[in-house]
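Visitor: Could you walk me through this model, feature by feature? I would like to learn how to read it.

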Amino acid sequence: KECAPACLSCDFLVFESRCPIDVANLNDVWKAGDLNAMFEKLTSEPYLSQYSVQILSSPATDGPWVIQLDNIMTKEEADHLIELGAIEGYQRSADVGKL
């Protein structure tokens with residue numbers, strides 16, 4: 001069987017058909033402390049100087065983690081992502097987590 005995305009006749013174009021979610025068997029991806037560890041890593045070397053990381057808020061300041069990473073991609077890469085998003089269209093994700 002060949003998929004025909006151009007005419008939208010393929011059942012695999014529908015997310016629910018190709019990858020149904022078994023809610024009863026979902027595992028947590030993040031364990032306790034994982035998110036904090038990720039931010040700690042992003043705010044230390046080599047990321048700190050490579051991406052000009054600015055800590056706008058953190059648990060050390062009694063707030064949530066909010067960081068800014070500069071130079072994470074080129075202007076051309078950012079423009080291309082924006083262009084692809086405009087072509088594809090934006091919609092709320094429905095295939096992960098609870099809404």
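Predicted model: local features only at pLDDT ≥ 70, side-chain atom pairs only at ≥ 80, totals over all residues.

Visitor: Which residue does Lys75 meet in a salt bridge?

Guide: First the general idea: side chains of opposite charge can pair when their charged atoms come close. Here the partner is Asp79, with 2.8 Å from N to O. Both residues belong to helix α4, where they sit four residues apart, about one turn of the helix. Asp79 is partly exposed, at a relative accessible area of 37%. This is the one salt bridge that the structure holds.

Visitor: What else can I look at in helix α4, for example where Leu81 lies?

Guide: Helix α4 covers residues 75–88, and Leu81 lies in it. With 49% relative accessibility, Leu81 counts as partly exposed.

Visitor: Now to the rings. How many aromatic pairs does the structure hold?

Guide: One aromatic pair. As a general idea, a pair of aromatic rings is described by the distance of the centres and the angle of the planes. In this model Phe39 and Trp65 form the pair, with 5.3 Å centre to centre and 5° between the planes. That angle makes the pair stacked, because planes under 30 degrees apart fall in that class.

Visitor: Which parts of the chain does that pair tie together?

Guide: Phe39 belongs to helix α2 (residues 34–42), while Trp65 is in the loop between β1 (54–57) and β2 (66–68), so the pair ties together parts that are 26 residues apart in sequence. Phe39 is buried at 14% relative accessible area, and Trp65 counts as buried at 17%.

Visitor: What does the side chain of Thr43 reach?

Guide: For a polar side chain, look for the polar atoms around it. The side chain of Thr43 reaches the backbone oxygen of Phe39 at 2.8 Å. A polar atom of that side chain also lies 3.2 Å from the backbone oxygen of Glu40. Thr43 itself is placed in the loop between α2 and α3 (47–50), and it is buried, with a relative accessible area of 12%. Beyond its neighbours within four places in sequence, Thr43 is in contact with Leu48, Val53, Ile55, Trp65 and Ile67.

Visitor: And which backbone oxygen lies 2.6 Å from a polar atom of the side chain of Ser57?

Guide: The backbone oxygen of Pro64. Ser57 lies in strand β1 and is buried, with a relative accessible area of 14%. Leaving aside neighbours within four places in sequence, its contacts are Gly63, Pro64, Trp65 and Val66.

Visitor: Let me step back to the whole chain. What pattern does the chain follow along the sequence?

Guide: The pattern reads α-α-α-β-β-α, from four helices and two strands. Of the 99 residues, 10% count as buried. The accessible surface comes to about 8,700 Å², and carbon and sulfur atoms hold 58% of that. As for contacts with a separation of 6 or more, 15% are between residues 24 or more positions apart.

Conventions: Residues numbered from 1 in each chain as written. Heavy atoms only, no water. Buried < 20%, exposed > 50% of the residue type's maximum accessible area, 1.4 Å probe, protein only. Phe/Tyr/Trp six-rings, centres within 6.5 Å; stacked < 30°, edge-to-face > 60°. Contact = heavy atoms within 4.5 Å. Areas by Shrake-Rupley, 256 points an atom, 1.4 Å probe, with all protein chains shown as cover. Polar contact = N/O pair within 3.5 Å; in protein donor to acceptor, adjacent residues only side chain to side chain. Salt bridge = Lys/Arg side-chain N within 4 Å of Asp/Glu carboxyl O.
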